[in-house]
2 protein chains.
Amino acid sequence: MLDAETIMLATEDVLRRHGPAKATVVDVARSLGVSHAAVYRHFPSKAALREAVTRRWLHRAYDDLAAIAADTATGPAERLRAWVFALFRAKRDAAARDPEIFATYRVLAAEHSVVAGEHVEALLGQLESIVGTAATARAVFAATAAFHHPAHAQEWSQADRETVLADLCTLLVEGLPAR
Amino acid sequence: MLDAETIMLATEDVLRRHGPAKATVVDVARSLGVSHAAVYRHFPSKAALREAVTRRWLHRAYDDLAAIAADTATGPAERLRAWVFALFRAKRDAAARDPEIFATYRVLAAEHSVVAGEHVEALLGQLESIVGTAATARAVFAATAAFHHPAHAQEWSQADRETVLADLCTLLVEGLPAR
C-alpha cells in the first residue's frame with residue numbers, strides 16, 4: 001500500500017542522490033516503481049511534496065529542542081545553555097555528516113520560505129518560554145546566529161566554536177563582567 | 001607625478017566600474033594613461049595592488065571605531081553599545097549605498113584572507129579594550145555576527161534590525177532579566 005510516509009522517504013532518497021533540481025513527482029514515482037498518478041493522490045504537486053519533506057526535516061531537527069525548552073524543573077540559565085548547544089550541535093552535525101543534503105535543504109527552505117518562517121517562529125516560541133519575553137527571545141536568537149544560521153556552516157567545524165559558544169552563553173546569562 | 005595614492009584611487013574606480021575580475025595592473029595603467037611599468041614601480045604585482053586597496057578600504061571602515069573604543073571617559077556599557085552600532089551602521093550603509101562594491105570587496109577580502117584576518121584581529125583588540133578580556137571580546141564579536149558578517153547583508157535593511165540590536169546590546173551588558 002503506497003502511503004505518504006513511503007513517498008516522503010523516497011523523495012528524501014531522490015534528493016540525496018540527485019539534489020534539488022531533480023526530485024520531481026515523476027522521479028519519485030519512478031524510484032518507487034509506481035505511476036505518477038499514484039503519487040499525486042497523496043501530493044497534488046511537486047511543490048506540495050517538497051514542502052511536506054521540508055517541513056518534516058525541520059520538525060525532526062527541533063523535537064529535542066522542544067523537550068529542553070519545556071523542562072521547567074531546570075532553571076532558565078541552564079535551560080538556555082542546553083537549548084542553544086542542542087541547536088548548534090544538531091545543525092553542525094547535520095552539515096558535517098552530509099554537506100550536500102544540508103545544502104539541498106537550504107535550497108528547499110529558501111523555496112518554501114513560509115515553512116522556514118514557521119520553523120523560526122517555533123524556535124522563537126521555545127526560546128520565549130525559557131527567557132520570558134518575545135523581545136529577549138529575538139535578541140538571543142540574533143546573538144546566536146553564528147551558531148545556527150546556515151550561512152555560517154563553514155565555520156562550525158572550527159576547533160574553538162564550542163568554547164566561544166560557552167563564553168557567549170555566559171555573557172547572555174550574566175552580562176558583562178564587572179571591571 | 002604618479003604616486004601610490006593616485007594608483008589606488010584609480011584602482012578603486014576600475015573595481016567600481018568593472019568588478020573584481022578586471023582591475024589588473026594593465027587596466028589601471030590604461031585608466032591613468034600611463035605605462036604599466038609606471039604602476040609596477042609602486043606595486044610589484046596585481047596581488048600587491050589589490051591587497052593595498054583592500055587594506056585601505058578596511059582601515060577606512062574602522063578608524064571611527066578605534067576612536068570610540070579609546071574613549072575611556074565613557075563607561076564600558078555605553079562604549080560597547082556605541083561601538084557595535086557604529087560597526088553595524090557602517091557596514092549596513094556601505095552595503096546599501098553600493099551593493100556591487102560591497103560584493104567586490106567581499107571577493108577581495110576572501111582573496112586576501114591575511115588582510116581580512118588582520119582586520120578582525122584589530123576589531124577584536126578594540127573590543128577587548130572595552131570589555132576587558134580577549135574571551136569576552138570574542139564572545140561579543142560572535143554574538144553580533146548577524147550585524148557585521150557580510151553573509152547577513154541581505155537582512156540589514158529589515159526595519160526591526162536596530163531594535164533587535166539594541167535589545168541584544170542590553171542583553172550583553174546586563175544578562176538575562178530576572179524572572
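Start at the interface of chain A and chain B, where the rule finds two salt bridges (a side-chain nitrogen of Lys or Arg within 4 Å of a carboxyl oxygen of Asp or Glu). This is a predicted model, in which local features need pLDDT of at least 70 and side-chain atom pairs count only at pLDDT 80 or more, while totals for chains, interfaces and linings use all residues. Residues are numbered from 1 along each chain as its sequence is written, chains are lettered from A in the order in which they are written, and side-chain values use heavy atoms, without hydrogens and water.

Select A:Arg138 and B:Asp167 next: their side chains meet in a salt bridge, 3.9 Å from N to O.

Helix 5 (76–97), helix 7 (113–131), helix 8 (134–143) and helix 9 (161–174) of chain A each supply at least two residues of the side that touches chain B. Helix 9 gives the most, with eight residues.

Then widen the selection to both sides: 32 residues of chain A are in contact (heavy atoms within 4.5 Å) with 32 residues of chain B.

Finally, move to helix 8 of chain B, residues 134–143, where seven of the 10 residues are buried (under 20% relative accessible area, 1.4 Å probe, protein chains only). Among them are B:Thr136, B:Val140 and B:Phe141. Show what covers these buried residues: the cover includes helix 8 and helix 9 of chain A, together with helix 5, helix 7 and helix 9 of chain B.

Conventions:
Helices (H or I, at least four residues) and strands (E, at least two) are DSSP runs, numbered from the N terminus. Buried means under 20% relative accessible area, exposed over 50%, partly exposed in between (1.4 Å probe, protein chains only).
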